[in-house]
Amino acid sequence: MNNSEQLANRLREVILNGTWIANTNFKNQLESLDWKIATKKYQSLNTISILAQHIHYYIDGIKNVFTNGKLEIRDKYSFEFPPIESQTEWEVFQNKFWNDTEKLAELIEKMPEERLDENFVDEKYGNYTRNIDGMIEHSYYHLGQISLIKKIINA
């Protein structure tokens, strides 16, 4: 398995289907979660839905770089989302999250190995490998938060 395939599989693991690192993944944590729990505020913590949307924001933004070469996301907007107000809206969001993750994983898989060392949009962002690895690590960080918030809310 080449590096592109390994990175794509690691992304799938944290979002869609893995259990190796955290013994869970986003899909496992969110799929059967009621929207009222996902949007429930606990003290000053972000809600589960906001954290999930935050990760999706970056996945969609990186996917956009792969498809049109433009980085159009900004950190300052990465927590700004319209509220989820029904189970249907929650499920629609999740389906988009899973589909966009799989699309990005497919794009990473097809990436020529030599491109992994090329600049990601601009030299200041480092190379493709650094950004994909960073996205995966960032996802695990927020997956841990989601797991803890679920435990606190359901306690």
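Start by colouring the chain by burial: 44% of its 155 residues are buried (buried means under 20% relative accessible area, exposed over 50%, partly exposed in between, with a 1.4 Å probe and protein chains only). What you're looking at is a predicted model, where local features need pLDDT of at least 70, side-chain atom pairs count only at pLDDT 80 or more, and totals for chains, interfaces and linings use all residues. Residues are numbered from 1 along each chain as its sequence is written, and side-chain values use heavy atoms, with hydrogens and water left out.

Now switch to cartoon view. You'll find 6 helices and 0 strands (DSSP runs numbered from the N terminus: H or I of at least four residues for helices, E of at least two for strands). The C-alpha atoms fill a box of roughly 50 × 30 × 25 Å along the principal axes.

**Into the core**

Next, select L11, I15, F26, L30, W90 and F97. These have the most contacts inside the largest nonpolar core, which has 43 residues (such a core is a set of buried Ala, Val, Leu, Ile, Met, Phe, Trp, Tyr and Cys residues joined through side-chain atoms within 4.5 Å). The elements giving two or more residues to this core include α1 (3-17), α5 (87-110) and α6 (128-154). Which helix gives the most? That's α4, with 10 residues.

Zoom in on L11. Leaving aside residues up to four places away in sequence, L11 touches L16, I59, T101, L104, A105, I108 and I136 (a contact is heavy atoms within 4.5 Å).

**Salt bridges**

The structure holds 7 salt bridges (a side-chain nitrogen of Lys or Arg within 4 Å of a carboxyl oxygen of Asp or Glu). Is K63 buried or exposed? K63 is buried, at 15% relative accessible area, while D60 is partly exposed at 26%.

Move to α5 for K96 and D100, which are 4 residues apart. The closest N and O atoms of this pair are 2.9 Å apart. Here K96 is partly exposed at 41%, whereas D100 is buried at 3%.

Then try E118 and R115, bridged at 3.9 Å, N to O. Both count as partly exposed: E118 at 39% and R115 at 27%.
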